[in-house]
Each structure stands twice: as structure tokens, then as C-alpha cells.
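Hello,

As promised, I am passing this structure on to you. Please have a look at it first, and then read my notes below.

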Amino acid sequence: MGRTITLPGVPGTAELYGKTVTAMLPGIGKPARVEADAPLPDTHYRLDDLRVDPAALQAYCHATGQRFGETLPLTYPFVLQFPVVMKLITSDDFPFGAIGSVHLNDTIERFRPIAVSEPLSIVTHAENLREHRKGILVDVISEISVGSELVTRQTATFLKQQRTSLSDEPRGPEPKAKTPPPPDAILSVDLGRIREYAAASGDRNPIHMANLTAKAFGFPRAIAHGMWSAAAAIANIEAQLPGAVTYDVKFGKPILLPAKVNLYTRRVDDEGFDIAIRDRKKGFPHLTATTRKG
């Protein structure tokens with residue numbers, strides 16, 4: 001383990017988003033291309049004695065449909081560690097910038113329920129830089145503890161899109177579009193709801209905030225946060241999840257706003273649930289996920 005930097009408090013939004021913009025500037029920003037053997041920062045960022053703001057948690061639950069109670073929703077620790085992740089990604093020695101990178105996968109390992117009142121410590125680092133057919137992947141891992149007890153581990157995999165030595169590998173046949181079966185539920189989301197989520201989560205990436213800024217990054221209009229869909233997908237089953245559980249999420253095509261999408265939730269014996277969010281007309285996945293006992 002390399003050096004550990006203990007942060008004096010939660011990193012401020014203005015500082016973080018200022019550095020994301022600087023990273024995009026020609027000449028002084030991050031390089032356009034990342035080599036597969038690029039070094040990762042050997043730094044762990046630490047934040048101690050973090051307290052949950054009940055009002056912020058309630059706003060998050062309203063935006064995602066999750067239950068506001070005495071313990072944290074399964075996905076909420078992702079929000080708590082997000083400023084620390086951004087501090088790492090916007091550091092000068094991180095190989096690529098935050099804006100334009102794609103959140104490809106997310107794995108949440110909860111070892112026990114976390115009370116809203118418990119003080120938390122977060123330690124975040126990056127590892128496992130590697131090639132992918134679509135670019136360069138990296139894992140950003142946050143371990144969240146109460147005292148010396150590890151209560152949840154969050155692993156987010158980010159993609160920097162570019163050509164790599166794997167780009168010409170066979171892709172396999174494109175799945176055929178087909179009308180999906182009737183859903184278990186329909187999720188409705190619009191720009192207003194996503195702005196609520198952005199305010200509650202602190203993730204104000206411009207691709208989510210307005211059609212105009214989303215178009216600047218190649219989207220026809222604003223898109224929903226992947227972690228909004230991850231939270232909304234389990235809102236109705238959260239009470240049925242065990243205390244120790246792993247939630248593994250793969251993000252597919254972005255949800256263009258406004259949208260109505262199909263939600264599928266299938267119980268797998270007593271092991272957990274298989275979950276999917278799919279396009280209502282063509283059936284392609286926006287999200288596929290599983291919950292399994294920890």
C-alpha cells in the first residue's frame with residue numbers, strides 16, 4: 001500500500017468540477033490517449049468521521065423510490081464515497097479525466113446493514129488498469145468502515161474509450177431487437193427527476209443535467225445516471241435483501257430522457273434476484289444485475 005492522504009473534509013463540488021474541466025483543456029489537461037501500462041496513482045484517499053445528513057438521504061430516497069428508514073439503502077454508500085472517488089480521478093497523476101469516461105460496471109458488497117447514525121470512514125484507491133475492446137478499464141475501490149469494521153466495499157469500473165490491441169477482436173453477432181415480454185413494473189424518469197438525483201447524489205456530470213450539454217458529449221439528449229437506475233431497480237425489493245449481500249450491476253445503453261422503461265425482477269431460489277431494465281420497444285438492456293447473499 002502506497003501513501004495515504006487523509007482529507008480534512010468532504011471534497012467540495014466547485015474544486016472537483018473545476019479540475020474535471022481543466023483535465024479536458026489541450027496542452028495542460030489529461031492526455032487524449034492512455035497506454036495500457038500507464039501508472040496508476042499509488043495513493044489511498046481517506047475520509048474519517050463522515051456523518052450521514054438525514055435530509056440529503058431523504059432527498060435521495062425520494063429521487064430513487066427507495067425506503068427512508070433507520071438504515072442506509074444498499075446503494076447509498078456509493079453517494080457517500082463519490083466525492084472521494086472524484087478526488088482520486090481528478091488528481092494530477094490519474095491517467096484520464098472524469099468527463100467522458102464511462103461507468104461500465106458497479107459491484108456493491110454489503111457485509112451488514114449500516115445505521116444512518118453510524119460514523120463512517122472511507123478509503124479509496126485505483127487498481128487493475130487493463131485493456132478492453134472499447135478502451136482502457138480501471139477499477140476504483142472504496143472500503144467503508146465503522147471503526148475497524150469493514151461494512152461495505154464499492155468497486156466501480158470505468159472505461160476510457162479509445163482503440164487498443166483488443167479493438168479488432170471479433171465482437172460476435174449483434175443481438176436482434178425484439179419486443180420484450182410484459183414487465184414486472186414500468187419505471188418512468190424525466191429530466192426533473194434526474195436533476196433531483198444529481199442534487200441528492202452530488203453527481204452533476206453535464207451529460208445528465210441538460211440536453212444542450214449532453215449533446216456536446218455526443219448524446220442526442222440528457223441521459224439518466226447509471227446509479228439512479230441501479231437504485232430504482234431494487235427499490236421494491238430492498239426490504240427482501242439479506243443484511244450481507246452483493247449487488248453486481250452492468251450498465252448497457254443509456255436511458256435517454258424522458259423515458260419509460262421495463263423493469264424485470266426474478267427471484268432465484270433463496271439466493272437473490274436477477275434484475276434487468278430494458279427498452280420497452282426493442283428490448284435491449286439498459287441495466288442487468290444480480291443480488292446474491294453475501
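Which residues of helix 4 (residues 191–201) are buried? They are Ile 194, Tyr 197, Ala 198, Ala 200 and Ser 201, where buried means under 20% relative accessible area with a 1.4 Å probe, protein chains only. Helices here are DSSP runs of H or I with at least four residues, and strands are runs of E with at least two, numbered from the N terminus.

Before going on: this is a predicted model, where local features need pLDDT of at least 70 and side-chain atom pairs count only at pLDDT 80 or more, while totals for chains, interfaces and linings use all residues. Residues are numbered from 1 along each chain as its sequence is written, and side-chain values use heavy atoms, with hydrogens and water left out.

Back to helix 4: the cover over its buried residues includes helix 2 (54–64), helix 3 (76–89), strand 7 (185–189), helix 5 (206–209) and helix 7 (226–233). After helix 4 comes Gly 202, with a positive phi near 85°.

Eleven strands form an open sheet with mixed pairing, in the order 1-2-4-5-6-3-8-11-10-9-7; two strands pair if DSSP finds at least two bridges between them. At the edges are strand 1 (3–6) and strand 7, each pairing on one side only. Strand 2 (residues 43–50) runs antiparallel to strand 4 (residues 120–132), and four bridges join this pair. Within it, Arg 46 has Val 123 of strand 4 as its bridge partner.

Enjoy exploring!

Best wishes

Terms used
Buried < 20%, exposed > 50% of the residue type's maximum accessible area, 1.4 Å probe, protein only. Contact = heavy atoms within 4.5 Å.
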